[in-house]
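Please look over the following points with the sequence and the structure open beside you.

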Amino acid sequence: MSALDHQEIWTAIDKLAARLNMTPSGLARVAGLDPTSFNRSKRMGADAESRPRWLSTESLAKVLTATGVSFAEFAELAEGQRPRRGVPLIGFAQAGSDGFFDDAGFPVGQGWEEVAFPGMSEDGCYALEISGDSMAPVYRDGDRIVVTPIAEPRRGDRVVVKTTDGEVMAKEVARLTNRTLELASLNPDYDGRMLERRHIAWIARIIWASQ
């Protein structure tokens, strides 16, 4: 998902307030913030250069908690009329089969069902539909995630990994070395995995979820 700019974030605050039949001041008050926090005068700095003031992550978290709105819903409000881009939708069963991906983890062939996601700017991204409960409660059966193949994962990344044996899993990168990749399970009922890199067919980073 491409980064939200200053105006889009504040526009989303205004839209959220309007959706709840509130003023921005009322929304701030409901979130436990100073009622003037979202005033238009607070959105730009007072110096001569008039630098933009950004909404803090703490303030945003309080707003989302108080209103029960997910970050994905907030992003939809922020992105407004951004053009939606269709990305191919692939099932986990297909992801584990031969012939659907190239060596870098990009889908091959034509005729995929497409789903639309806002703000997707990275080439090669595609959607996977979750099946089963092994990734709950983070990702549940039927959820759709958008992933992008990456050359090198980083610690803390949520990734989809396909092994050379055809196993496909979504987990979090816990530790990586030149020879191994340690993955933490997203579901506490399932164990993490330690994989040798030579047994990994491809890795794709999760960049969006439909929750």
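**Notes on helix α1**

1. The axes of α1 and α4 cross at roughly 110 degrees and come within 7 Å. Angles of 65 to 115 degrees count as roughly perpendicular, so α1 and α4 are described as roughly perpendicular to each other. By class, this contact holds seven nonpolar and three charged residues, with no polar ones. Keep in mind that the model is predicted.

2. Which residues meet where α1 and α4 touch? On the α1 side they are Glu8, Ile9, Ala12, Ile13, Lys15, Leu16 and Arg19, and on the α4 side Phe74, Leu77 and Ala78.

3. Helix α1 runs over residues 6-19, which is 14 residues.

4. The N-terminal end of α1 is capped by Asp5, which has a side-chain oxygen 3.2 Å from the backbone nitrogen of Gln7. Just after the helix, Asn21 has a positive phi of about 60 degrees.

5. Buried residues of α1 are His6, Glu8, Ile9, Trp10, Ala12, Ile13, Leu16 and Ala17. Their cover includes α2 (24-30), α3 (57-67) and α4 (71-79).

6. Of its 211 residues, 40% count as buried. Among contacts with a separation of 6 or more, 59% join residues 24 or more positions apart.

Definitions and conventions:
Residues numbered from 1 in each chain as written. Predicted model: local features only at pLDDT ≥ 70, side-chain atom pairs only at ≥ 80, totals over all residues. Heavy atoms only, no water. Helix = DSSP H or I, 4+ residues; strand = E, 2+ residues; numbered from the N terminus. Expected span 1.5 Å × (residues − 1). Buried < 20%, exposed > 50% of the residue type's maximum accessible area, 1.4 Å probe, protein only. Contact = heavy atoms within 4.5 Å. Polar contact = N/O pair within 3.5 Å; in protein donor to acceptor, adjacent residues only side chain to side chain. Axes fitted to C-alpha atoms, helices over the stretch in contact; angles between N-to-C directions. Parallel < 35°, antiparallel > 145°, perpendicular 65-115°, else oblique. Nonpolar A, V, L, I, M, F, W, Y, C, P; charged D, E, K, R; others polar.
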